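Work through the exercises below with the sequence and coordinates at hand. Each task is followed by a stepwise solution.

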Amino acid sequence: PTGTYWVLRGNSMGAAGAPAGATGVHINLLHLFDLCEPGLISNNDYASPEALGLVTEHDKDWRDFVKLPHESRLNSKKWLYLRGVAFGQWKTGTKMNKVLIHVDDDIASERSNFGLTCRYIKSRFESVGVVLSPKMDGSPYQVCKMTGQVADYKKGLLGFSEERWQCYANRMHPILSTHPDLDSHMAIGDLLVVVGSLIYLADVFYTTIPFFVPASRWLGVINHRFHTVQTIDWNRIKKIVVPVPAGLRKLMIDGWKIASSRRWMPVKYLLYTEADGTLFLSADACGKATHYTPWDGPPHPAGLGACNKRTGARLMVLVPDDHPLSNKNNSYLELFTAVLCIDLWAKKGDIVVLDEDNNAALCWLTKFKALPVYIALVIYFSDLVRKRDLRVKILSVRTDVIAADPLSRTYESIWLDDWNERARAQGIPVDGEVCQSNWQILWDKVSRIEQ
């Protein structure tokens with residue numbers, strides 16, 4: 001979003017390490033040029049997070065935001081890891097580069113905002129024998145097309161061009177034009193194009209992900225059946241006409257309507273962190289035990305627990321043994337509790353920061369997608385986020401630390417002491433309101449989505 005892109009190419013781009021080597025040379029040269037002419041390549045003259053209603057995290061280092069692989073696969077050349085660099089610099093208020101690296105193509109804006117920088121960079125590269133492409137991009141500065149999307153810098157919006165929307169609408173026409181109660185028939189190749197387009201839309205309109213993922217997985221099963229089991233040539237597979245189930249079509253149409261009616265997504269919805277939170281929650285669940293185990297003790301009911309970490313308000317539910325929810329696995333119960341407490345406490349426009357100790361639920365809530373058995377609950381969650389204009393940040397917290405854990409185990413005699421200890425350690429009021437939530441209403445709504 002800072003305006004200018006350059007690419008450095010080597011003479012052995014077919015070699016495995018050549019792109020990384022070219023990137024490394026590029027970065028080192030830019031650092032050198034920045035020292036030669038301070039302020040031309042990087043500065044602090046940019047719209048701060050506060051301009052978008054977010055906060056600058058001065059207490060963090062921008063390197064904290066760089067996405068790194070597991071330490072077992074970490075490369076000693078740290079400059080290879082660029083994802084998160086620009087965001088980290090922006091979020092911490094440090095200098096940002098006016099020139100970003102874009103591999104494969106270059107956009108050199110000669111407009112007044114960046115003309116001096118472009119000419120300086122070009123002259124510096126030429127001085128060390130690096131020839132740059134003269135290719136230019138004539139897009140207006142305030143609304144710039146990039147990688148198929150459209151960014152309106154002035155309004156802080158991200159979306160797609162009208163041409164792209166029309167293209168997607170044409171691809172969706174066979175799905176939209178079929179009677180709702182009937183299966184539409186399409187070639188697998190055409191379906192791949194349609195579903196691929198919808199998944200691409202979901203990169204921006206992220207609450208539509210659970211509406212489109214089932215279609216993607218369904219196509220994956222078809223591919224496996226024809227390509228692996230029956231070993232049919234791929235070109236023949238793409239011509240095979242299959243019926244698209246009515247239920248799957250309904251999901252695709254609902255997701256399409258959400259994205260196409262919204263048209264734009266505020267960029268700030270993609271830039272928040274836990275520091276911007278307005279509502280801080282903790283949620284946990286405990287599965288039912290039908291017999292004694294050394295690690296779980298005597299039989300006990302399933303439990304749901306959650307708390308508001310600022311007010312100390314608590315939610316504590318022991319699920320009756322004869323209710324279907326009590327037979328769900330622990331991951332489902334964790335996901336259910338998280339959605340339940342957000343539904344209970346979140347108000348329109350909140351940035352919710354939720355503590356979660358179950359990695360599966362954390363992944364589903366973050367990515368808005370899950371296995372079929374959980375997808376109805378994720379669809380309800382995505383609708384909740386969209387209708388209340390929420391942003392949700394999920395934090396991974398250890399089971400022995402998470403505040404809500406004892407609230408899901410109120411069948412134990414020590415739950416209150418455990419709660420008091422954990423709450424005081426995290427600065428949570430221990431005597432907050434005990435809230436009543438009709439969790440059965442949520443269960444009924446999710447069951448209707450499953451049907």
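Axes are lines fitted to C-alpha atoms, for helices over the stretch in contact, and angles run from 0 to 180 degrees between N-to-C directions. Helices (H or I, at least four residues) and strands (E, at least two) are DSSP runs, numbered from the N terminus. The model is predicted: local features need pLDDT of at least 70, side-chain atom pairs count only at pLDDT 80 or more, and totals for chains, interfaces and linings use all residues. Residues are numbered from 1 along each chain as its sequence is written, and side-chain values use heavy atoms, with hydrogens and water left out.

**Exercise 1.** Determine how the axes of helix α4 and helix α5 cross.

Step 1. The axes of α4 (residues 162-177) and α5 (residues 188-202) come within 9 Å and cross at roughly 140°.
Step 2. Therefore α4 is oblique to α5; angles under 35 degrees count as roughly parallel, over 145 as roughly antiparallel, 65 to 115 as roughly perpendicular and the rest as oblique.
Step 3. Contact means heavy atoms within 4.5 Å. On the α4 side, Arg 164, Trp 165, Tyr 168, Arg 171 and Met 172 take part, and their partners in α5 include Val 193, Leu 198 and Leu 201.

**Exercise 2.** Find the residues with the most contacts inside the largest nonpolar core.

Step 1. A nonpolar core is a set of buried (under 20% relative accessible area, 1.4 Å probe, protein chains only) Ala, Val, Leu, Ile, Met, Phe, Trp, Tyr and Cys residues joined through side-chain atoms within 4.5 Å.
Step 2. The largest such core has 86 residues, and Phe 336 and Ile 342 have the most contacts inside it.
Step 3. Leaving aside neighbours within four places in sequence, Phe 336 touches Leu 304, Leu 325, Leu 377, Trp 439, Leu 442 and Trp 443.

**Exercise 3.** State what share of the protein is buried.

Step 1. Of 451 residues, 47% count as buried.

Methods. Buried means under 20% relative accessible area, exposed over 50%, partly exposed in between (1.4 Å probe, protein chains only).
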